[in-house]
Amino acid sequence: TWCGPCKKMAADTFPQQAVGDYFNKNFVNYKIDAEKGEGPGLAGKYEVSAYPTLVFVNAEGELVYKFMGVRTADKLIAEGEKAVRLYALAPSIAAMEKEYEQGKRGKVFLGEYYALLKESGAGGGIVLNEYLKCLSDEELLLEENVSNIGNISIFDPVLFDRLVKGIKKVEGENKKLANRLNASVMKSLSACFATCVKEKDEKALEGILGVKAGLGNLENGMSAMMGGGKSYLPAEQLRLDFYSNNRLDDKFKTLMNEYMIVQQQENSIDSLRKMEEITNRHFKMLIDSAKMKNDSAAIVSIKKTMGMASLFGGVKYKLLSSFVISATRHYWKITDQQNAGEKKQCIDWINYAYQLDRTPATAWGCADFLEGIGEKQEAKRLLNDVLEVVKSNPASDVDPKDIQSVKDRVEKM
């Protein structure tokens with residue numbers, strides 16, 4: 001009765017004609033309050049942890065599919081269609097699962113079993129690995145397997161060793177195919193990383209990082225942001241992520257200290273400021289030249305170019321800043337908070353993160369941390385600094401609302 005999203009779907013989505021027509025034709029529909037009567041028992045049985053959750057079961061009460069969250073009419077019907085498709089596939093999957101458990105492992109069988117699992121949305125898991133390992137080196141690297149390689153989610157050192165060697169061989173013969181295979185392997189490494197974190201498998205983690213190294217330690221912040229996944233992040237960030245998620249606190253603290261020393265040397269703030277100064281001077285010269293010619297179109301174009309240069313050129317530092325803030329928060333959580341040296345170190349790291357990306361959003365997050373550890377004046381100093389940075393760069397594309405929010409916060413402090 002208290003669930004806002006549930007009420008929204010009940011009022012806006014369920015009454016729509018198209019939804020009623022589809023669901024009444026294909027399902028027996030039943031609405032349950034998970035906190036009353038039989039609700040808690042059913043919620044426990046189907047592992048419902050948030051509301052609204054739609055659960056699709058067969059006549060025996062076996063789970064076919066479930067999802068949670070609000071859906072529009074079109075998307076709700078799409079979810080229903082997925083449930084119908086899964087229900088239709090269930091007998092075939094069950095039959096092949098039985099054969100698999102009995103030891104059937106032929107290449108054709110594994111390929112058909114994986115295809116069914118893929119169509120059902122269940123993912124290939126170990127079946128996909130076994131299918132790919134059945135293939136010859138030539139078959140493994142065929143165009144038709146590029147997407148399959150990208151669906152690997154369980155790390156297998158033998159399989160990945162074959163893939164890395166295969167990519168190296170293909171590079172000299174078909175560069176485009178090699179690039180697609182490379183992207184698929186990186187995608188799969190991201191999924192394998194998530195699996196190894198979940199399963200606390202440190203051996204798999206090091207294997208994943210070894211494959212990254214074999215591919216040339218690809219690090220591309222834009223690729224990571226655009227869906228390539230965590231495999232494009234630096235190896236030490238992945239290790240720290242693994243350690244923090246699995247509460248390997250001593251390993252996290254040791255590596256974090258080493259990591260920050262290296263970062264502050266390799267990505268020094270002095271070098272960053274000099275680079276910014278050169279870039280700003282270059283664009284100022286272009287704008288001044290356009291103004292002298294009264295070329296308003298050129299000025300607009302130059303400012304757009306400045307924005308794109310800032311976006312793509314700053315991705316590396318923005319991602320590093322975000323990581324340092326997150327890692328510092330975790331470090332503070334697990335360290336001796338009464339130790340003045342540890343506190344100073346965390347403050348230094350947060351200030352470094354802000355200097356990497358002097359924007360209102362980053363300043364706000366850094367100030368949150370500083371206020372949280374009792375350093376209100378340091379937080380205020382940092383917020384005032386970002387206001388000065390924005391003021392001294394009138395050509396920046398910072399949202400005026402963000403600037404006003406920072407000003408309001410400073411006044412309240």
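Predicted model: local features only at pLDDT ≥ 70, side-chain atom pairs only at ≥ 80, totals over all residues.
Me: How many of the residues count as buried?

Reply: Of the 413 residues, 40% count as buried.

Me: Why is Glu 342 called buried?

Reply: The cut-off is under 20%. Glu 342 has a relative accessible area of 14%, so it is buried. You'll find Glu 342 in helix α17, residues 340-356. Leaving aside neighbours within four places in sequence, Glu 342 is in contact with Lys 253, Tyr 331, Thr 335 and Asp 336.

Me: What makes helix α13 largely enclosed by the rest of the structure?

Reply: Nine of its eleven residues are buried, so the helix, residues 235-245, is largely enclosed. Among those buried are Leu 238, Leu 240, Phe 242 and Tyr 243, and also Arg 239 and Asp 241. After α13 comes Arg 247, with a positive phi near 55°.

Me: Where is Tyr 46, and is it buried or exposed?

Reply: Tyr 46 is in the loop between α3 (39-45) and β1 (53-57). Its relative accessible area is 11%, and the limit for buried is under 20%, so Tyr 46 is buried.

Me: How do you know which residues Tyr 46 touches?

Reply: A contact calls for heavy atoms within 4.5 Å. Not counting residues up to four places away in sequence, Tyr 46 touches Val 55, Val 57, Gly 61, Leu 63 and Lys 66. Val 57 is eleven residues from Tyr 46 along the chain, and their C-alpha atoms are separated by 9.6 Å. With Gly 61, a polar atom of the Tyr 46 side chain lies 2.5 Å from the backbone oxygen.

Me: Why is Val 55 called partly exposed?

Reply: Partly exposed sits between the 20% limit for buried and the 50% limit for exposed. Val 55 has a relative accessible area of 31%, so it falls in between. This residue is in strand β1. Together, Val 55, Val 57 and Leu 63 make a nonpolar surface patch of about 210 Å².

Me: How many aromatic pairs are there?

Reply: There are 15, going by ring centres within 6.5 Å.

Me: Why is the pair of Tyr 22 and Phe 23 called edge-to-face?

Reply: Their ring centres are 5.7 Å apart and their planes are at 75°. Planes over 60 degrees apart count as edge-to-face, so that's what this pair is. Tyr 22 counts as buried at 17% relative accessibility, and Phe 23 does too at 8%.

Me: And why is the pair of Phe 155 and Phe 160 called stacked?

Reply: Here the ring centres are 5.2 Å apart with the planes at 15°. Stacked calls for planes under 30 degrees apart, so this pair is stacked. Both Phe 155 and Phe 160 are buried.

How values were computed:
Residues numbered from 1 in each chain as written. Heavy atoms only, no water. Buried < 20%, exposed > 50% of the residue type's maximum accessible area, 1.4 Å probe, protein only. Helix = DSSP H or I, 4+ residues; strand = E, 2+ residues; numbered from the N terminus. Polar contact = N/O pair within 3.5 Å; in protein donor to acceptor, adjacent residues only side chain to side chain. Patch = residues over 30% accessible without salt bridge, like charges linked within 9 Å, V, L, I, M, F, W, Y side chains within 5 Å. Areas by Shrake-Rupley, 256 points an atom, 1.4 Å probe, with all protein chains shown as cover. Salt bridge = Lys/Arg side-chain N within 4 Å of Asp/Glu carboxyl O. Phe/Tyr/Trp six-rings, centres within 6.5 Å; stacked < 30°, edge-to-face > 60°.
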